[in-house]
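Please open the structure in your viewer and keep the selection tool at hand.

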Amino acid sequence: MFKIAIASLKGGTGKTTTSIMLAEAAELAGLSAMVVDLDPQSGGSCRNWADYAAEEQGLRSLVMSISAKELTRRLPEIADKRDIVIIDTPPGSENTAAAAIRSADLLVIPINARLADMERVAGVAHLADEVGVPVKVVLCRTRPRVKATQEVRDALEGIGIPVASTQIDEQEKIGASYGIRPTPHALRSYSVLWDELKG
Ligand SMILES: Nc1ncnc2c1ncn2[C@@H]1O[C@H](COP(=O)(O)OP(=O)(O)O)[C@@H](O)[C@H]1O
Ligand SMILES: [Mg+2]
């Protein structure tokens with residue numbers, strides 16, 4: 001099983017969207033995916049998304065909420081049963097991010113591809129370096145022909161932080177996937193991202 005921690009320390013960078021959409025893309029590819037939600041208290045969490053979706057078809061992937069404290073103890077049993085486990089984290093808690101990262105095979109840091117959003121990336125990437133976990137930044141909400149996207153990519157790569165070549169464009173159909181089972185069309189860029197991340 002492959003375990004991915006999703007963390008950025010900032011709010012609104014696309015962590016929850018990336019968690020659910022990657023899990024759904026892995027399910028579309030025939031794997032079994034579990035999202036572990038360490039941020040169930042926030043509105044717009046993975047838990048909320050799954051609960052809303054359950055009123056209709058439900059998500060393809062499973063979502064469970066646990067506390068960061070329980071993660072180390074419960075993860076082996078969870079990971080054993082699924083091909084991929086994605087751990088979504090809250091903003092603001094370095095301890096929770098660190099717990100998720102320690103348990104993972106890869107740290108994915110979603111960021112809005114804007115210069116102002118780069119600030120805390122090095123800090124969270126450092127948490128992964130300390131425990132030898134590889135890192136990929138994913139540029140989210142990218143817009144065509146906007147120079148900042150390439151500037152952000154160059155700046156991060158310039159300080160040695162790897163950036164996934166797959167970018168997630170700003171798309172209405174991605175925003176509109178919240179609370180429902182995402183369509184294969186909405187999942188397209190996440191399917192490409194999943195192929196890249198699994199290596
Ligand atoms: N690629 C995208 N295109 C359009 N809207 C997006 C995209 N990615 C995220 N969003 C929207 O951005 C907002 C913040 O995303 P979210 O995943 O909840 O961030 P976080 O979990 O880091 O706080 C949500 O309203 C979400 O629907
Ligand atoms: Mg979130």
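Two strands count as paired if DSSP finds at least two bridges between them. Helices (H or I, at least four residues) and strands (E, at least two) are DSSP runs, numbered from the N terminus. The model is predicted: local features need pLDDT of at least 70, side-chain atom pairs count only at pLDDT 80 or more, and totals for chains, interfaces and linings use all residues. Residues are numbered from 1 along each chain as its sequence is written, while chains are lettered from A and ligands numbered from 1 in the order in which they are written.

**Stop 1: the sheet.** Strands of a sheet pair through backbone hydrogen bonds, either parallel or antiparallel. Select the seven strands of the open sheet, whose order is E3-E2-E4-E1-E5-E6-E7, with parallel pairing. Its edge strands, E3 (62-65) and E7 (168-169), each pair on one side only.

**Stop 2: strand E5.** Select residues 106-112, which form E5; three bridges join this strand to the parallel strand E1 (residues 2-6). Ile4 has Leu106 as its bridge partner in E5, and Ala5 has Leu107. E5 is also joined to E6 by six bridges, again in parallel; there, Pro110 is partnered by Val138 of E6. A residue is buried if 20 or more other C-beta atoms lie within 10 Å of its own, exposed if 12 or fewer, and partly exposed in between, with C-beta atoms placed from the backbone.

**Stop 3: helix H5.** E5, H5 and E6 make a right-handed β-α-β unit. Right-handed means that, with the strands pointing away from the viewer, the path from the first strand over the helix to the second runs clockwise. Now select Ala122, in helix H5 (residues 121-130). Ala122 counts as partly exposed because it has 14 C-beta neighbours inside 10 Å. Not counting residues up to four places away in sequence, Ala122 touches Ile159 and Ile161; contact requires C-beta atoms, placed from the backbone, within 7 Å.

**Stop 4: ligand 1.** Select ligand 1 and the 16 residues that surround it, the closest being Lys15, Thr16, Thr17, Ile174 and Gly175. A residue is near a molecule if its C-beta atom, placed from the backbone, lies within 6 Å of it. Helix H1 provides the largest share of this shell, three residues.

Technical notes:
Two residues are in contact if their C-beta atoms, placed from the backbone, lie within 7 Å.
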